[in-house]
Amino acid sequence: MPRELITLQVGQCGNQIGNEFWKRLSQEHGINSEGILEPFATDGADRKDVFFYQADDDHYIPRAVLVDLENRVLDSIRSSEHTRNFYNPENFFCSKDGSGAGN
């Protein structure tokens, strides 16, 4: 029976902690910032499919949903050097009016 883990990252804190979680997890599994498997991690001994979805082009994409009421943190994750092409853009959900806490 396959096992899959999906993270739900909500708000500023949830998204910042979740982003660090995925950075470390990708390093542990030998996946670079583009979602491509590093040569040293190709032996298949670990279960990358629990945490990552493998796309048709062999990119590994985190099983993560990112939600926030204002776009500042999500925009910083989208434009970060490490995560620019890492997450699935369809998994970002943000309020259109930017009505976050405002702090």
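**Close-up views of helices and strands**

**View 1. How helices H1 and H2 pack.** In this predicted model, helix H1 (residues 11-28) and helix H2 (residues 72-79) pack at an angle of about 20°, and their axes lie 9 Å apart. That angle makes H1 roughly parallel to H2, a term for angles under 35 degrees. The crossing of the two helices is left-handed, meaning that the near helix is turned anticlockwise from the far one by less than a right angle. Where they meet, Gln12, Asn15, Gln16 and Asn19 of H1 are in contact with Arg72, Val73, Leu74 and Ile77 of H2, contact being heavy atoms within 4.5 Å.

**View 2. Strand S4 and its partners.** Strand S1 (residues 7-10) runs parallel to strand S4 and is joined to it by 4 bridges, where two strands pair if DSSP finds at least two bridges between them. Thr7 has Ala64 in S4 as its bridge partner. S4 also pairs with strand S5 (residues 92-94) in the parallel sense, over 3 bridges, and here Val67 stands opposite Phe93 of S5.

**View 3. From strand to helix to strand.** Together, S4, H2 and S5 make a right-handed β-α-β unit; with the strands pointing away from the viewer, the path from the first strand over the helix to the second runs clockwise.

**Notes.** Residues are numbered from 1 along each chain as its sequence is written, and side-chain values use heavy atoms, with hydrogens and water left out. Because the model is predicted, local features need pLDDT of at least 70 and side-chain atom pairs count only at pLDDT 80 or more, while totals for chains, interfaces and linings use all residues.

How values were computed. Axes fitted to C-alpha atoms, helices over the stretch in contact; angles between N-to-C directions. Parallel < 35°, antiparallel > 145°, perpendicular 65-115°, else oblique.
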